[in-house]
Amino acid sequence: MADKKKRPESLPRPVYERELLRLQTELVKLQEWVRAEGARLVVVFEGRDAAGKGGTVKRVAEHLNPRVARIVALPKPTERERTQWYFQRYIAHMPAAGEIALFDRSWYNRAGVEHVMGFCTKEEYQLFLRQCPIFERMLVEDGILLRKYWFSVSDAVQEERFRRRLEDPVRRWKLSPMDLESITRWEAYSRAKDDMMVHTDTAEAPWYVVESDDKRRARLNMIAHLLDSVPYRDVPPSVLKLPERPPSTGYVRPPRDLQTYVPDHAANL
């Protein structure tokens with residue numbers, strides 16, 4: 001049966017925004033430490049549909065340098081990728097020295113949607129459960145900092161979020177027939193998650209569960225935990241100084257009517 005835990009009160013927006021800005025400032029410090037140390041950080045965001053993974057990824061990356069911190073959100077595998085070793089296409093997105101990879105869903109697709117929806121065979125699923133801990137152990141032994149977060153949401157809150165998406169024209173694209181299947185297959189996904197945890201919650205690469213019925217709390221809790229789990233330090237920034245603007249050498253800007261400007265839509269508001 002679905003977990004009927006009491007839904008937490010929503011964190012007040014002023015409190016949330018103040019703490020989020022503080023944590024995002026620390027994430028910038030973490031980024032600079034990763035660059036300075038040549039570290040490699042992989043963060044996996046997994047969980048049920050509408051659990052708040054994408055919104056949290058967005059807040060984590062919001063103020064980071066996209067050349068350092070990349071969001072990895074892979075589409076369905078191509079025909080060629082389906083013939084490869086399952087983990088192969090994910091390896092191509094692992095960070096080099098001084099980089100951060102944020103996986104908005106990951107190789108755990110096989111343990112969840114592929115398994116529940118029958119997109120892989122039972123043999124492929126069992127092989128994944130055997131190989132995944134070995135694969136992650138190899139990443140960690142090679143020096144990659146691997147953090148795995150599972151966003152947990154109740155059935156009632158998930159359905160509520162689905163309904164809001166259905167009615168919101170700017171968020172309706174987030175809702176797919178596959179998402180709606182997760183309502184009718186709630187218990188199947190629950191069993192799949194439990195089996196996944198049994199096989200892949202290891203000492204080298206443990207799972208961290210994020211309660212996400214309140215998205216604001218979930219974002220703050222996840223980011224705070226990530227920061228606490230990495231031994232970063234404050235790297236002093238380079239000292240920069242604006243140079244004096246040199247005197248004009250006689251440049252004259254071309255007449256404005258020789259260029260096509262965007263209409264001033266804002267003037268009509």
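Biologist: What stands opposite Phe 45 in S3?

Modeller: Asp 104 stands there, across from Phe 45. A word on the source: this is a predicted model, where local features need pLDDT of at least 70, side-chain atom pairs count only at pLDDT 80 or more, and totals for chains, interfaces and linings use all residues. Residues are numbered from 1 along each chain as its sequence is written, and side-chain values use heavy atoms, with hydrogens and water left out.

Biologist: How do you know that S1 and S3 pair?

Modeller: Two strands pair if DSSP finds at least two bridges between them. S1 and S3 (residues 99-104) have six bridges, in the parallel sense. S1 also runs parallel to S4 (residues 145-152), with seven bridges joining them. In that pairing, Val 43 is opposite Arg 147.

Biologist: And what makes something a strand or a helix here?

Modeller: Both are DSSP runs, numbered from the N terminus: helices (H or I) have at least four residues and strands (E) at least two. The chain has ten helices and five strands.

Biologist: Why is S1 called largely enclosed?

Modeller: Buried means under 20% relative accessible area, exposed means over 50%, and partly exposed is in between (1.4 Å probe, protein chains only). Eight of the eight residues of S1 (residues 40-47) are buried, so the strand is largely enclosed by the rest of the structure. Arg 40, Val 42, Val 44 and Glu 46 point one way, while Leu 41, Val 43, Phe 45 and Gly 47 point the other way, and all are buried. Over the chain, 41% of the 269 residues count as buried.

Biologist: Is Ala 50 buried or exposed?

Modeller: Ala 50 counts as buried, because its relative accessibility is 5%. This residue lies in the loop between S1 and H2, and its phi is near 70°, a positive value in a residue other than glycine.

Biologist: What makes Arg 105 partly exposed?

Modeller: Its relative accessibility is 26%, so Arg 105 counts as partly exposed. Arg 105 is found in the loop between S3 and H5 (113-117), and has a phi near 70°, again positive in a residue other than glycine.

Biologist: Why are H2 and H10 called oblique?

Modeller: Two packed helices are described by the angle between their axes and the distance between the axes. The axes are lines fitted to C-alpha atoms over the stretch in contact, with angles from 0 to 180 degrees between N-to-C directions. Under 35 degrees counts as roughly parallel, over 145 as roughly antiparallel, 65 to 115 as roughly perpendicular, and the rest as oblique. The axes of H2 (residues 53-61) and H10 (residues 215-229) come within 10 Å and cross at roughly 50°. H2 and H10 are therefore oblique to each other.

Biologist: Which residues meet there, between H2 and H10?

Modeller: With contact meaning heavy atoms within 4.5 Å, Gly 55, Thr 56, Arg 59 and Val 60 in H2 meet Arg 219, Met 222 and Ile 223 in H10.

Biologist: At what angle do H6 and H9 pack?

Modeller: H6 (residues 122-141) and H9 (residues 186-200) pack at about 40°, with their axes 9 Å apart. That angle makes H6 oblique to H9. Tyr 125, Leu 129, Cys 132, Pro 133 and Glu 136 in H6 meet Asp 195, Met 196, His 199 and Thr 200 in H9.
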